[in-house]
Amino acid sequence: MAVYDLQEQDQIDDLKAWWDRYGGTVAVGLVLGALVIGGIQGWRWWNGKRAEDASVLYSAVNDAARTKDAAKAKDAVAQITDRHAGTGYAPRASLLLAKMLYDSGDRNGAKAQYQWIVDHAKEEELQAIARYRLAQVQVDEKQYDAALATLDAKHPESFDGLFADLRGDALAAAGRAADARTAYETALAKLDAKSPYRNFVQVKQESLAAAKGAPAAAAGGAAK
């Protein structure tokens, strides 16, 4: 029994010695671990709450778009872009508002929304959509160089056909028919062969080719 007591006492003394040497480090580690776990849980809660709030504001913009209530849409977008710019809801809400503004004749307002998406959206696809629509507005306003610069920006490969087509529109409107034909040819090469939209691009490309041949034919007729 005495031997057992001595062995037990030795183990207790070893434990005390170990604790005296390492106990502080272990305690700090436990505290830090608890803080990290608590921080992660707190971040998850905050992130979830932020996404929930952004979702509510996006729904408000969506409702406003359906009822054509521009004032309500502007207010909700101002809140979502100010407080929840990092969420996926913010650029989508801006897209809705931009369309409303464009349809109502406020092209500058629409361009500002598209530019915000280009500058702040985290998804390349949303940035590409915003660039494409911004370039469309710029073409409408005869800002051809600006539209071409917008379309020159890096974008996902899946948008190559659409960007090339709109580039052709800008070039054609600017009187650069040869460059426009090249752009349309690029668009035709990039677009899905089964896409109905490809036929529309083909018509534009062929109309430019026909226009090119018309002066030559007229000159030949005059020579006779």
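**Pocket**

For the pocket search I took a 1 Å grid over the protein atoms alone; a pocket is an open set of points where a 1.4 Å probe fits, with protein on both sides within 12 Å along at least five of seven lines, and lining residues have an atom within 4 Å of a point. A volume is the space filled by probe spheres set on the points, which are joined across faces, edges and corners.

The model is predicted, and I kept local features only at pLDDT of at least 70 and side-chain atom pairs only at pLDDT 80 or more, while totals for chains, interfaces and linings use all residues. Residues are numbered from 1 along each chain as its sequence is written, and side-chain values use heavy atoms, with hydrogens and water left out.

I looked up the largest pocket and noted a volume of about 170 Å³. Its lining consists of A65, K68, A70, L96, K99, M100, D103 and S104. I sorted these by class (Ala, Val, Leu, Ile, Met, Phe, Trp, Tyr, Cys and Pro nonpolar; Asp, Glu, Lys and Arg charged; the others, Gly among them, polar). The count is four nonpolar, three charged and one polar. Helix α3, residues 89-103, contributes the most to this lining, with four residues.

**Fold**

I took helices (H or I, at least four residues) and strands (E, at least two) as DSSP runs numbered from the N terminus. The protein chain has nine helices and zero strands. I counted a residue as buried under 20% relative accessible area, exposed over 50% and partly exposed in between, with a 1.4 Å probe and protein chains only. Of the 224 residues in the protein chain, 31% are buried. For contacts I used heavy atoms within 4.5 Å. Among contacts between residues at least 6 apart in sequence, 49% join residues at least 24 apart.

**Cores**

A nonpolar core here is a set of buried Ala, Val, Leu, Ile, Met, Phe, Trp, Tyr and Cys residues joined through side-chain atoms within 4.5 Å. In soluble globular proteins, nonpolar side chains tend to be buried together.

The largest core has 26 residues, and V61, A73, I80, Y114 and I117 have the most contacts inside it. At least two residues of this core come from each of α1 (2-67), α2 (70-83), α3, α4 (107-120) and α5 (124-140). Helix α3 gives the most, with seven residues. I also found a second, separate core of 22 residues, which includes Y132, L148, F159 and A183.

I then listed the partners of V61, leaving aside neighbours within four places in sequence: A73, A76, V77, A93 and L96. A76 is in helix α2 and counts as buried, at 3% relative accessibility. With residues up to four places away not counted, A76 touches L57, A60 and V61. From A76 to S94 the C-alpha distance is 9.7 Å, across 18 residues of sequence.

**Positive phi**

Most residues other than glycine have a negative phi. I noted two lysines with positive values. K68, which also lines the largest pocket, has phi near 55°. K68 sits in the loop between α1 and α2 and is exposed, with a relative accessible area of 70%. For K142, phi is about 65°. K142 lies in the loop between α5 and α6 (144-151) and is likewise exposed, at 60% relative accessibility.

**Polar contacts**

I counted a pair of N or O atoms within 3.5 Å as a polar contact; within protein, one must be able to donate a hydrogen and the other to accept it, and residues adjacent in sequence count only if both atoms are side-chain atoms.

T87 is in the loop between α2 and α3 and counts as buried, at 11% relative accessibility. A polar atom of the T87 side chain lies 2.8 Å from the backbone oxygen of H84.

In helix α9, residues 197-223, I looked up Q205. Q205 counts as buried, at 12% relative accessibility. Leaving aside neighbours within four places in sequence, Q205 is in contact with R181, Y184, E185 and L188. The side chains of Q205 and E185 are joined by a polar contact of 3.4 Å. G168 is 37 residues from Q205 in sequence and 8.7 Å away, C-alpha to C-alpha.

S207 is also in helix α9 and is partly exposed, at 40% relative accessibility. Its side chain reaches the backbone oxygen of K204 at 2.7 Å.
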